[in-house]
Amino acid sequence: MYGKFHHDTYEFHRALHDLFEQFFKKNKVEMATHNAVVELRNQVVALLDSWIGAKKIETKFGIKIPSSATPPSIEIFLEKQTRSRNRVYRACEVCGEKRITHYCHIIPNSVGGPNAEENYLYLCPIHHHLFDHNGLSEDEWRKIDFSKKLPASQEYAKGVRLPMFENFWKSEG
Ligand SMILES: [Zn+2]
């Protein structure tokens with residue numbers, strides 16, 4: 001899932017990394033400055049990744065990702081880590097299971113879906129698997145409240161994913 005997008009941007013990441021390495025070789029900077037510059041580089045990479053992702057989605061599906069789609073933030077990452085360390089999980093958005101849930105991208109990372117809270121669904125392992133493989137029942141699909149998600153994620157769910165599920169429901173008869 002993650003691989004394709006990573007592959008597409010690999011050269012660019014590599015070039016940017018080299019650019020900063022050269023900068024640090026030429027300029028002796030204090031550790032604090034070094035860390036601040038690395039942090040800035042990471043933010044630039046995250047911003048560019050989400051911009052490239054947005055362009056890809058627009059080209060492929062005609063769905064526009066608003067600029068408010070936030071790049072991965074360290075706060076979200078740390079919050080997720082704490083949650084899984086303490087085994088405090090958000091309830092599954094389909095069945096309410098709280099003992100373990102995963103977050104799952106509505107617009108997948110592989111097509112450039114942003115690592116933004118509003119592009120996530122929290123799902124228990126069963127519903128996560130069924131969501132990824134278009135296997136949710138119609139009732140289960142309807143339990144998911146997409147109204148608080150990114151407008152682009154809502155559009156993707158309705159315009160790209162729902163038709164896949166509908167095919168499955170039809171085949172189930
Ligand atoms: Zn569930």
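Reader: How many helices and strands are there in the protein chain?

Author: The model is predicted, and its protein chain holds six helices and two strands. Read from the N terminus on, the order of these elements is α-α-α-β-β-α-α-α.

Reader: What confidence does the prediction carry?

Author: The mean pLDDT of the protein chain is 84, with 86% of the residues at 70 or more. Among the elements, helix α5 (residues 138–143) has the highest mean, 97, whereas helix α3 (residues 74–85) has the lowest, 67.

Reader: What share of the residues counts as buried?

Author: Of the 173 residues in the protein chain, 21% are classed as buried. As for contacts between residues at least 6 apart in sequence, 68% of them link residues at least 24 apart.

Reader: Where does a kink lie in α6?

Author: The kink, of about 40 degrees, is at Arg161, shortly before the proline Pro163.

Reader: Which residues of α6 are buried, and against what do they pack?

Author: The general idea is that an α-helix has 3.6 residues a turn, so residues three or four places apart point the same way. In α6, the residues Ala152, Ser153, Glu155 and Tyr156 are buried. The buried residues of α6 pack against α2 (31–61).

Key
Residues numbered from 1 in each chain as written. Predicted model: local features only at pLDDT ≥ 70, side-chain atom pairs only at ≥ 80, totals over all residues. Bend = angle between axes of the 7 residues up to and from the residue. Helix = DSSP H or I, 4+ residues; strand = E, 2+ residues; numbered from the N terminus. Buried ≥ 20, exposed ≤ 12 C-beta atoms within 10 Å, placed from the backbone. Contact = placed C-beta atoms within 7 Å. pLDDT = per-residue confidence, 0-100.
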